[in-house]
Amino acid sequence: MSQTKLRIAIQKSGRLYEDSVKLLAECGIDLRNVKDRLKTESDNFPLEVFFLRDDDIPQYVEDGVADVGIVGENVLYEKNKQTTIVEQLGFGKCRLAIAVPRGQEYESVKALEGKRIATSYPFLTKQFLSDNNVNAEIHEISGSVEIAPGIGLADVVCDLVSSGSTLFMNGLKEVETILQSQSVLIKNNKLNEAQQQLLKKLVFRIQAVKKAKR
Ligand code: ATP
Ligand code: ZN
């Protein structure tokens with residue numbers, strides 16, 4: 001019987017890639033040459049690494065194609081898949097926020113009534129609106145959400161923000177925070193005993209890395 005390996009899904013390229021690979025390295029897990037690969041593995045820890053788009057990671061982990069994954073809470077909650085958060089990782093910090101044109105008056109969420117909202121997060125945006133009893137029109141766009149008001153595609157946006165400089169450059173101001181987010185380690189809900197044991201080892205190392213940074 002072949003030895004069990006823990007399969008982890010991480011972002012292929014983008015804001016989480018470097019920190020994800022670095023975390024594994026800090027855990028003492030060496031990966032074979034990772035450039036331009038779909039997957040790789042380690043020779044000193046029973047780990048296989050899949051490189052994927054972050055949006056696909058919750059689904060792959062729910063389906064058990066990967067046992068665990070590293071993804072932003074923003075994506076995790078938007079996709080609304082059945083997985084479990086194992087550990088918060090402390091990087092990829094950002095927030096999902098509503099922003100309106102800077103000149104526009106804004107007193108409360110009621111100001112959003114009847115507006116067109118551009119977002120890549122329709123599920124979380126809808127939830128926020130219905131929690132606040134506001135009716136607005138959601139326009140789902142996959143990227144460059146912040147330019148939507150400037151080109152007349154929407155009145156306001158619901159987008160990820162870290163420093164706020166992108167919003168500022170596009171003449172927008174942040175008025176509501178919908179979600180504070182960071183990257184998390186998630187796991188499939190039906191891991192077998194051997195997989196659980198490997199995950200325990202990995203989490204133990206991650207916690208040691210986090211402690212050393214405090
Ligand atoms: P992919 O090609 O994997 O779909 P992407 O373009 O959707 O990549 P990135 O822009 O690389 O995603 O962002 C990945 C994650 O990084 C976000 O989902 C979020 O959790 C986090 N993040 C942190 N700060 C920001 C920010 N200012 N803007 C966008 N994402 C951020
Ligand atoms: Zn993405």
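How many residues of domain 1 are in contact with domain 2, and how many residues of domain 2 do they touch? Eight residues of domain 1 are in contact with eight residues of domain 2. The model is predicted. Its protein chain is divided into domain 1 (6-92 + 182-213) and domain 2 (94-181).

**Domains and their contact**

- The centres of domain 1 and domain 2, taken over C-alpha atoms, are separated by 30 Å.
- On the side of domain 1 that touches domain 2, helix 3 (residues 73-79) gives the largest share, with four residues.
- That side of domain 1 has one nonpolar, five polar and two charged residues.

**Ligand 1**

- Ligand 1 is surrounded by 15 residues, and the closest are Gly14, Arg15, Gly72, Cys94 and Ser162.
- The shell around ligand 1 has seven polar, four nonpolar and four charged residues.
- Because domain 1 and domain 2 both give residues to this shell, ligand 1 lies between them.

**Strand 11**

- Strand 11 (residues 183-187) is mostly covered, with five of its five residues buried.
- In a regular strand, side chains alternate between the two faces of the sheet.
- Strand 4 (residues 68-72) runs antiparallel to strand 11 and is joined to it by five bridges; Val71 stands opposite Val184 in strand 11.
- Strand 5 (residues 84-88) also pairs with strand 11 in the antiparallel sense, over four bridges, and Ile85 stands opposite Ile186 in strand 11.

Key: Residues are numbered from 1 along each chain as its sequence is written. Chains are lettered from A and ligands numbered from 1 in the order in which they are written. This is a predicted model: local features need pLDDT of at least 70, side-chain atom pairs count only at pLDDT 80 or more; totals for chains, interfaces and linings use all residues. A residue is near a molecule or strand if its C-beta atom, placed from the backbone, lies within 6 Å of it. Ala, Val, Leu, Ile, Met, Phe, Trp, Tyr, Cys and Pro count as nonpolar, Asp, Glu, Lys and Arg as charged, and the others, Gly among them, as polar. Domain bounds come from an automatic or database domain assignment. Two residues are in contact if their C-beta atoms, placed from the backbone, lie within 7 Å. Helices (H or I, at least four residues) and strands (E, at least two) are DSSP runs, numbered from the N terminus. A residue is buried if 20 or more other C-beta atoms lie within 10 Å of its own, exposed if 12 or fewer, and partly exposed in between; C-beta atoms are placed from the backbone. Two strands pair if DSSP finds at least two bridges between them.
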